[in-house]
Amino acid sequence: MTTYLLRRLLQAVLTLFVVSLILFGLISVTPGGFMTVYAEKSDMTAADLARIRANLGLDDPVPIRYVKWLGNLLKGDWGRSLTSKRPVLEEIGSRLPNTLLLMSLMLICTLLVAIPLGILSAIRQYSWLDNVLTTIAFAGQSLPVFWFGLLLIIVFSVLLRGPDGKPLLPGSGMYTLGEPFSLWDRIRHLILPVTMLTFVSAAEYMRYMRSAMLDVIHEDYIRTARAKGIQEWVVIYKHALRNAIIPLVTLLSLDLPSLFAGALFTETIFAWPGIGRLYFTAALKNDYPLVMAILTIYSALIILSNLLVDLIYAMLDPRIRLS
Amino acid sequence: MKDSQSPWFLFVQRFRKHTMALVGMVILVSITILVAFAPFFTTHDPMQQNLLNRFQPPSATHWLGTDDLGRDLWARILYGGRISLSVGLLAMAVSITLGSLIGLLAGYFGGWVDSVLMRTTEIFLSIPRLFVLIALGMFLRSLDLSMFQAGSFIPIALVIGLLSWMGTARMVRASTLTVREREYVQACRALGGSHRRILLRHILPNIASPIIVSATLGLSGAIISESGLSYLGFGVQLPTPTWGNMLSNTQSQITTAPWAAIFPGFMIFLVVISINYIGDGLRDALDPRHHSR
């Protein structure tokens with residue numbers, strides 16, 4: 001197991017290195033690149049621009065810049081945002097709690113919705129309920145998320161009105177500006193973005209849950225359990241679910257990086273100040289250090305979650321770690 | 001017995017049993033005809049602005065209303081559909097070709113070729129797709145693409161294709177591994193058939209079914225990717241309409257002109273769900289052992 005772990009760890013580090021190389025290369029060859037932000041300011045003279053270029057180390061060839069960037073990164077210096085001038089890690093840190101809140105609520109809601117519905121759908125296979133749920137899930141997976149967000153806004157923030165004549169649910173931000181803190185106000189602002197995210201991801205989780213459950217339910221040990229006269233719900237929840245949940249754990253582990261990266265479309269549409277929206281605005285403003293930092297952390301987390309899945313499987317199945 | 005029936009006949013028979021796939025097929029074909037012969041279905045010019053005619057609700061002259069610059073939405077949906085569908089097709093062609101090629105080579109040759117290609121696949125899978133597509137969109141926007149005119153969809157389609165081949169590659173590799181030791185492949189090898197001949201004439205036709213299914217899913221995926229990128233402003237640039245970028249500015253006008261936010265998105269949804277159902281039907285028809293439902 002230790003050898004397997006070490007080998008996979010080494011592979012992961014290597015992968016991350018190559019990915020960062022590709023991303024850095026991509027950003028460096030962008031014409032204008034780092035300088036776009038400065039060049040747009042009209043009061044800059046050519047001499048000013050040249051001095052800034054030299055200060056940022058942009059006159060060095062790309063490989064040297066990469067080594068410098070990597071060296072600083074390992075020392076904890078990730079550079080400063082070109083627009084706000086604050087260190088990028090500070091920028092990211094200030095947005096992270098908002099994204100964590102949104103995404104963890106979404107994952108909890110997704111599991112609460114998808115697991116029971118997936119089980120129900122599987123144990124009543126081909127019933128009208130199963131047909132309706134499967135169709136909704138299929139539609140959910142074909143839905144352009146951003147359009148679904150716009151529809152939610154049209155219905156709940158434009159068409160439907162509360163008793164006071166105001167929109168039923170707020171369609172942007174984390175709280176009402178200029179009002180004292182209130183928990184209810186916070187929750188109201190969470191409803192639409194969490195609904196948007198949950199619907200789309202629950203559709204996927206439900207389909208996985210259903211097919212995993214269907215695979216398990218025809219196994220011999222389930223028939224044995226039934227033959228022993230165990231109550232049906234115990235068979236389903238203790239014998240079948242425990243085996244069917246493994247694919248879902250995989251899916252969940254692969255979704256963990258999104259806890260950091262947030263949901264770009266949702267955060268953009270609902271003006272949610274999280275990492276996804278931070279990345280979007282940074283890309284719009286050509287804020288390269290910030291773009292590069294978010295990409296690097298996100299890639300590292302993806303590689304880590306892939307490693308996690310591999311390790312889970314290696315623990316469950318000895319054949320993998322021995323090959 | 002049914003042994004007189006051709007595989008094609010059996011395939012059609014099985015496909016026809018999948019009602020939703022047939023409905024999807026009808027919808028997709030109708031939309032393709034509408035879009036391809038756009039001038040026959042609208043007299044409006046999709047680029048013609050008319051500031052006196054902004055935000056008109058759907059009416060007899062403007063079937064789906066007008067947008068913030070007074071352009072006819074029905075005309076923009078028809079002409080925009082040309083771009084959206086073309087991007088989808090081109091991106092799908094790129095990703096399927098690349099994925100099949102990499103999967104075939106890795107599975108057939110094995111050894112170091114396999115290691116290199118599969119590590120590459122892993123690296124591409126570790127890249128946050130949407131975020132990198134945005135960075136690439138940023139890159140494409142900053143380029144002065146003299147070979148493409150402004151609003152061209154070719155660069156963005158290539159970029160989407162280059163970032164979506166990994167699933168196909170893994171699938172094709174696995175299929176190739178199951179086929180490459182079969183007797184007919186060994187027979188061809190014994191007769192002195194070249195690698196090229198074995199790969200293209202014997203292995204590829206036998207793993208075509210999963211590739212076709214993967215191509216349909218790739219098509220719907222690419223259409224969603226393009227619309228998302230264009231919606232964010234990193235895809236096909238305005239004023240050239242696509243279903244995605246038609247939605248770009250609609251959020252700020254959602255109280256005055258909700259129809260502008262509804263119709264283009266509905267087209268994306270309709271096309272994507274149709275293609276997905278067709279893919280579902282194809283999978284059931286091509287591989288009778290597999291049942292998705």
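**Chain B, overall**

I began with chain B, where residues 24 or more positions apart account for 69% of the contacts with a separation of 6 or more; two residues are in contact if their C-beta atoms, placed from the backbone, lie within 7 Å. I note here that this is a predicted model, in which local features need pLDDT of at least 70 and side-chain atom pairs count only at pLDDT 80 or more, while totals for chains, interfaces and linings use all residues. Residues are numbered from 1 along each chain as its sequence is written, and chains are lettered from A and ligands numbered from 1 in the order in which they are written.

I looked up the secondary structure of chain B and found twelve helices and zero strands, where helices (H or I, at least four residues) and strands (E, at least two) are DSSP runs numbered from the N terminus. The C-alpha atoms of chain B fill a box of roughly 75 × 50 × 30 Å along the principal axes. Of its 293 residues, 44% count as buried; a residue is buried if 20 or more other C-beta atoms lie within 10 Å of its own, exposed if 12 or fewer, and partly exposed in between, with C-beta atoms placed from the backbone.

**Helix α2 of chain B**

I then checked the length of helix α2 (residues 19-36) of chain B: at 1.5 Å a residue its 18 residues should span 26 Å, and its end C-alpha atoms are 26 Å apart, which agrees. The expected span is 1.5 Å times one less than the number of residues.

I asked myself which residues of α2(B) are buried. They are B:Ala21, B:Gly24 and B:Val35, and they cover an arc of only 60 degrees around the axis, which puts them on the same side of α2(B); the arc is that of the directions from the helix axis to the C-beta atoms. On the other side of α2(B), I found B:Thr19, B:Val26, B:Val29, B:Ser30 and B:Ile33 exposed. The buried residues of α2(B) pack against α1 (7-16), α3 (38-41), α4 (73-109) and α12 (258-286) of chain B.

**Two residues of chain B**

I looked up B:Gly81, whose place is in helix α4 of chain B, and with 23 C-beta neighbours inside 10 Å it counts as buried. Leaving aside neighbours within four places in sequence, B:Gly81 is in contact with B:Ile31, B:Val35, B:Trp243 and B:Met267. B:Gly81 and B:Met138, 57 residues apart in sequence, are 23 Å apart in space, C-alpha to C-alpha.

I next turned to B:Gln49, in the loop between α3 and α4 of chain B, and found it partly exposed, with 14 other C-beta atoms within 10 Å. With neighbours within four places in sequence left aside, B:Gln49 is in contact with B:Leu69, B:Gly70 and B:Arg71. The C-alpha atoms of B:Gln49 and B:Arg82 are separated by 20 Å, the two residues being 33 residues apart along the chain.

**Chain A, overall**

For chain A I found 16 helices and zero strands, and its C-alpha atoms fill a box of roughly 85 × 65 × 35 Å, taken along the principal axes. Buried residues make up 33% of the 323 residues in chain A. Among its contacts between residues at least 6 apart in sequence, 67% join residues at least 24 apart.

Chain A is divided into domain 1 (17-74) and domain 2 (99-147 + 194-316), with bounds that come from an automatic or database domain assignment. I noted that the C-alpha centres of these domains of chain A lie 39 Å apart.

**Where the chains meet**

How many residues of chain A are in contact with chain B? I found 36 residues of chain A in contact with 34 residues of chain B. The elements that give two or more residues to the side of chain A that touches chain B are α1 (2-28), α6 (128-142), α7 (145-159), α13 (264-269), α14 (275-284) and α15 (288-316) of chain A, and the largest share, seven residues, comes from α15(A). By class, this side of chain A has 27 nonpolar, nine polar and no charged residues; Ala, Val, Leu, Ile, Met, Phe, Trp, Tyr, Cys and Pro count as nonpolar, Asp, Glu, Lys and Arg as charged, and the others, Gly among them, as polar.

**Nonpolar cores**

Last, I looked up the largest nonpolar core, of 128 residues, in which A:Met206, A:Tyr279, A:Val291, A:Ile294, A:Leu295 and B:Ala135 touch the most other members; such a core is a set of buried Ala, Val, Leu, Ile, Met, Phe, Trp, Tyr and Cys residues joined through C-beta atoms within 7 Å. This core draws at least three residues from each of domain 1 and domain 2 of chain A. Not counting residues up to four places away in sequence, A:Tyr279 touches A:Leu264, A:Val291, A:Ile294 and B:Phe131. Apart from this core lies another, of twelve residues, among them B:Ile102, B:Leu104, B:Ala106 and B:Met166.
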